Amino acid sequence: MGRWLNAIIRIATVEKMIYTCKACGFSEGRGILPGSTCGLLICIHMGIASVPLLKIVKHIFPDGLGWWWLLGGPLLFVASLIVSYLIGLFVELMEWLLFCRKKCPICGKRKWSWGYVSGFGL
Ligand SMILES: [Zn+2]
């Protein structure tokens with residue numbers, strides 16, 4: 001599991017989030033997160049998101065959805081996309097909070113911009 005996680009992190013860190021100091025304009029690639037546009041990360045998030053969603057569906061429909069899967073499938077897909085986006089935002093917020101405690105190496109202030117990616121991620 002640990003080796004797997006390392007491999008995923010190594011792939012995901014090809015493009016780092018960039019944080020810019022609002023005071024002096026110094027920017028730094030930081031953290032373990034790629035941009036929120038990284039397809040791989042969205043897939044992981046969707047995997048995480050679909051577990052509780054499937055449990056909720058099973059709870060509401062204990063006998064299964066039957067033909068309703070034709071409607072439920074796409075709905076579940078959209079729902080997991082939304083949840084995965086929220087997870088991504090949450091993880092980014094956590095990283096931003098961690099990063100913001102660091103002082104800027106140039107001017108010593110703690111005014112960092114929200115992390116962003118140069119290019120399109122993936
Ligand atoms: Zn600065």
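Of the 122 residues in this protein, 13% are buried. Buried here means that 20 or more other C-beta atoms lie within 10 Å of the residue's own; exposed means 12 or fewer, partly exposed is in between, and the C-beta atoms are placed from the backbone. This is a predicted model, where local features need pLDDT of at least 70, side-chain atom pairs count only at pLDDT 80 or more, and totals for chains, interfaces and linings use all residues. Numbering starts from 1 along each chain as its sequence is written.

On confidence: pLDDT is the predictor's own score for each residue, from 0 to 100. The protein averages 76, and 75% of the residues score at least 70.

Next, the layout. There are 3 helices and 2 strands, in the order α-β-β-α-α from the N terminus. These are DSSP runs numbered from the N terminus: helices are H or I with at least four residues, strands are E with at least two.

H3 covers residues 69-100, 32 residues in total, and spans 45 Å from first C-alpha to last, close to the expected 46 Å. The expected span is 1.5 Å times one less than the number of residues. Ser80, Ser84 and Gly88 of H3 are buried.

Now helix H2, residues 39-60, which contains Val51. Why is Val51 classed as exposed? Because it has 10 other C-beta atoms within 10 Å. Between the C-alpha atoms of Val51 and Ser80 the distance is 9.2 Å, with the two residues 29 apart along the chain.
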